[in-house]
Amino acid sequence: MSYRPLAATRAPKSIRDFVAKHIDMQFADVHAMLRLPLKDDGFEAGCNFACVSTLCGLIAGASTIFYKQTGSNGERFKGVLNDYYPWQLQPKGGVSQAESVATIYFDYRNPLAHAWAVSTKEVGKHPNKRVIVDGSATVLGVVKQALTEEAVAALETPTGPAPSWLTPVVVRNAAGGFDLYPHSLYWGTRRMVERLTRDRARMQQALALFATMRTPAVGP
């Protein structure tokens, strides 16, 4: 089996082209990372953080290009997760939607984007403001194992229930912190983007954004 492209058939053609030429390749990278590690083939790395970082980048991209073009980066990131992520379809047993959204943004996305996955905070005021390690941060984990090609393909099914073996995306761990499951975030982020492409109002906003670009969003 190979990567299954996002289902965006209801979107305008330019949006479909953008998804096919610009977004699918980034999801395909995660598809490949979900197969790792492949120790028998000499691939020891699991790409745990790389997988989560790429997915957080895809969420951020969707929040700006397909969701809305107002508000702060954080507001858009959390907003698209609250409004379009398929929380009702994921298995029970994880933390609440509100806690999941906050955890993905504050505990995973920000540290991965800015501080090598180290939780930090700013103290002091300009010009004496400085960054220190946040000693009160919760214990975090990324729980990932190598999936078969069939299992990854099941995550890429655009409709119907989630795979029976899917876990909640964020689960509280024994240390009182959180564990994030990249395969679940992959499943949910794909469905989130596909849902956005079915929203006519959001797609009209995206087309208006593309119209402001000096060069086309996609090639000929």
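Where is cysteine 47 found? In this predicted model, cysteine 47 is found in the loop between H1 and H2. The legends below begin with this loop and then turn to the helices and the core.

**Figure 1. Cysteine 47 and proline 37 in the loop between H1 and H2.** Cysteine 47 has a phi near 60°, a positive value in a residue other than glycine. Its relative accessibility is 26%, so cysteine 47 counts as partly exposed. Proline 37 lies in this loop between H1 and H2 as well. A cis peptide bond, with omega about 0°, joins leucine 36 to proline 37.

**Figure 2. The crossing of helices H1 and H2.** Two packed helices are described by the angle between their axes and the distance between the axes. Here, H1 (residues 13-33) and H2 (residues 48-67) have axes that come within 9 Å and cross at roughly 160°. H1 and H2 are therefore roughly antiparallel to each other. The crossing in which H1 passes H2 is left-handed. From H1, the residues that meet H2 include Ile15, Phe18, Val19 and Phe27. On the side of H2, Ala50, Cys51, Leu58 and Phe66 are among the residues met by H1. The residues of this contact comprise 13 nonpolar, two polar and no charged.

**Figure 3. The crossing of helices H1 and H7.** The axes of H1 and H7 come within 10 Å, and they cross at roughly 80°. This makes H1 roughly perpendicular to H7. Ser14, Ile15 and Phe18 of H1 make the contact with Met203, Ala206, Leu207 and Phe210 of H7. Six of the contact residues are nonpolar, one is polar and none is charged.

**Figure 4. The largest nonpolar core and phenylalanine 66.** This core has 53 residues, of which Phe27, Phe66, Leu81, Ile104, Tyr186 and Met192 touch the most other members. Several elements each supply at least two residues of the core, among them H1, H2, helix H3 (73-84), helix H4 (97-114) and strand S5 (178-180). H2 gives the largest share, nine residues. Leaving out residues up to four places away in sequence, phenylalanine 66 touches residues including Ile15, Phe18, Val19 and Ile23. Val193, Leu196, Met203 and Ala206 are also among the residues touched by phenylalanine 66.

**Figure 5. Valine 80 in helix H3.** With a relative accessible area of 0%, valine 80 is buried. When neighbours within four places in sequence are left aside, valine 80 is in contact with Ile59, Ser63, Tyr67, Tyr85, Met192 and Leu196. Valine 80 and proline 37 are 43 residues apart along the chain, and their C-alpha atoms are separated by 31 Å.

Figure 6. Threonine 103 has a relative accessible area of 2% and is buried. Not counting residues up to four places away in sequence, threonine 103 touches Tyr108, Val170 and Phe178. Serine 119 also counts as buried, at 17% relative accessibility, because buried means under 20% relative accessible area. With residues up to four places away in sequence not counted, serine 119 touches Pro111, Val133, Asp134 and Ala137.

**Figure 7. The cis peptide bond from histidine 126 to proline 127.** Omega of this bond is near 10°. Proline 127 is found in the loop between S1 and strand S2 (130-133).

Terms used: Residues are numbered from 1 along each chain as its sequence is written. This is a predicted model: local features need pLDDT of at least 70, side-chain atom pairs count only at pLDDT 80 or more; totals for chains, interfaces and linings use all residues. Side-chain values use heavy atoms; hydrogens and water are left out. Axes are lines fitted to C-alpha atoms, for helices over the stretch in contact, and angles run from 0 to 180 degrees between N-to-C directions. Helices (H or I, at least four residues) and strands (E, at least two) are DSSP runs, numbered from the N terminus. Angles under 35 degrees count as roughly parallel, over 145 as roughly antiparallel, 65 to 115 as roughly perpendicular and the rest as oblique. A crossing is left-handed if the near helix is turned anticlockwise from the far one by less than a right angle, and right-handed if clockwise. Contact means heavy atoms within 4.5 Å. Ala, Val, Leu, Ile, Met, Phe, Trp, Tyr, Cys and Pro count as nonpolar, Asp, Glu, Lys and Arg as charged, and the others, Gly among them, as polar. A nonpolar core is a set of buried Ala, Val, Leu, Ile, Met, Phe, Trp, Tyr and Cys residues joined through side-chain atoms within 4.5 Å. Buried means under 20% relative accessible area, exposed over 50%, partly exposed in between (1.4 Å probe, protein chains only).
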